[in-house]
Amino acid sequence: MKNFNKLIFHVDVNSAYLSWEATYRKQHGEKADLREIPSVVGGDEESRHGIVLAKSIPAKKYKIATGEPLFLARQKCPELVVAPPRYDLYMQCSNALNEILQQYTPKIQRFSVDESFLDFSNMQHLYPDYMKLAEEIKDRIKKELGFTVNIGISSNKLLAKVASDFEKPDNIHTLFPWEIKDKMWPLPVEDLFMVGRATLPKLNKLNIFTIGDLANYDLEILKSSLKSHGVLIWNYANGIDNSEVRKSNNIEMKGIGNSTTIPFDVEDKETAHLVLLSLAEMVSTRLRSSQNCCSVISISIRSSNFVSLSHQRKLYCPTDSTKKIVEVSNKLFDEKWNGEPVRHMGIHVTQLCTNEFYQCSLLDNGNNEKERALDKTLDNIRSKYGSGAVIRSSFLQSGIRSMSGGVGEEYPMMSSLL
DNA sequence: TCTGGGGTCCTAGGACCC
DNA sequence: TCTGGGGTCCTAGGACCC
């Protein structure tokens, strides 16, 4: 018997958004199964959100890719079925999945809405046969929730994640260190976690095409051309990853942001400010509900010809006030905007600190108490009666939503950090 | 009929200080 | 008549993830 002291599962829902929609439709009496026909979940083209968010396996056979424009997908497959996204449904499914997983170990990291790491290290006494355990989990999810998952098994998170990506759907794969050479090294290098669009051509230039090529490449050369990222992916290619399964609620937020593609190009400052107001309402509400203040406010702008820029400012005094965030955002926009039509805008707040010991700034004229009371009152009304219960009159007839960004309920932590 | 939205981390240059 | 160098903070942009 090999050494199974470290044992990590990676549970990955197959085509999550699409599976969840398909499951919902079946449970509500629909005959056809979206998973068995070319279909995608996609945004609304009318409001310029028209990209593929998830695809069925039959759609994949038409070379339809996640992130590509819907009109392109339809060109590849004219009979493509497109379902709109429903984030509240996804959150329900994700929570239901999590409830099942939690019955097997408390050491769970929800890596995204549809992926979790489970740590079964040193639990042989409870689960002597990891394969049986994985089968039980997988089959219970299918039976009780109606959708399928892949489970990847290994001795660290990276390898477990790579393993769960092997043949889909409804499968269990192992990728232990002694299997790396056979199972992982022949794969194209872009299949490796953290090798993305920009890194791939750089690696190809170095004559690296498979994960094995990368694993056996001279680390010093890699370091000099890709810096720390080169070291990271070299380690990954060799199956080296010492990251812990971190309990998700122990991970502190580094920043909060919302952004939106506006249904039309914005060409005047007043409209731009209105969009910023609607974003600031969302960001500041989330900031307060996380019981934080922020010290840095930044805005981002994407022009109609897809040029992006950002501008940020550090505050003298941390804030969670809607009014303050709006004021600073507007100023940042005015300082940076060159008059080009604007397609997309965002507000992000960072350098968070607890709002527990909130200190009024001496420079702020003492309006703070009133503002905080107003913000709090609006938060309460909106959480009770919905975000549209109280809106600013400036949004009426504007064609701009009173609160922009957000996907309904809060999603679990997502990160490119294992 | 064009290209979403939520995150985290890294790098590089300039300002500023000693 | 000189023009080093280390450290930190701030800012903008880019890389990656789902």
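**Close-up views of a predicted model**

**View 1. Surroundings of Leu214.** Not counting residues up to four places away in sequence, Leu214 touches Val189, Leu203, Ile208, Ile233, Trp234 and Ala237. The model shown here and in the other views is predicted. Leu214 belongs to helix α9, which spans residues 211-215. The residue counts as buried because 22 C-beta neighbours fall inside 10 Å of Leu214, the cut-off for a buried residue being 20 or more. Asn204 is ten residues from Leu214 in sequence, and the C-alpha atoms of the two residues are 10.0 Å apart.

**View 2. Nonpolar cores.** The largest nonpolar core contains 58 residues, and Phe9, Val40, Ile151 and Leu214 have the most contacts inside it. At least three residues of this core come from each of domain 1 (1-164) and domain 2 (185-237). In soluble globular proteins, nonpolar side chains tend to be buried together.

**View 3. Domains of chain A.** The domain assignment divides chain A into domain 1 (1-164), domain 2 (185-237) and domain 3 (255-395). Between the C-alpha centres of domain 1 and domain 2 the distance is 27 Å.

**View 4. Helix α6 and its packing.** Helix α6, residues 157-164, is mostly covered, with eight of its eight residues buried. The buried residues are Lys157, Leu158, Leu159, Ala160, Lys161, Val162, Ala163 and Ser164. Strands β1 (8-13), β6 (115-119), β7 (149-154) and β8 (172-174) are among the elements against which the buried residues of α6 pack. Helices α7 (180-184) and α10 also pack against these residues.

**View 5. Surface near DNA strand B.** DNA strand B is surrounded by 31 residues, of which Lys227, Ser228, Lys254, Thr261 and Gly405 are the closest. The elements giving two or more residues to this surface are α10 (219-237), β9 (255-266) and β12 (342-354). Strand β9 supplies the largest share, seven residues. By residue class, the surface near DNA strand B comprises ten nonpolar, 17 polar and four charged residues.

Terms used:
Residues numbered from 1 in each chain as written. Chains lettered and ligands numbered in written order. Predicted model: local features only at pLDDT ≥ 70, side-chain atom pairs only at ≥ 80, totals over all residues. Domains from an automatic or database assignment. Near = placed C-beta within 6 Å. Helix = DSSP H or I, 4+ residues; strand = E, 2+ residues; numbered from the N terminus. Nonpolar A, V, L, I, M, F, W, Y, C, P; charged D, E, K, R; others polar. Buried ≥ 20, exposed ≤ 12 C-beta atoms within 10 Å, placed from the backbone. Contact = placed C-beta atoms within 7 Å. Core = buried A, V, L, I, M, F, W, Y, C linked by C-beta atoms within 7 Å.
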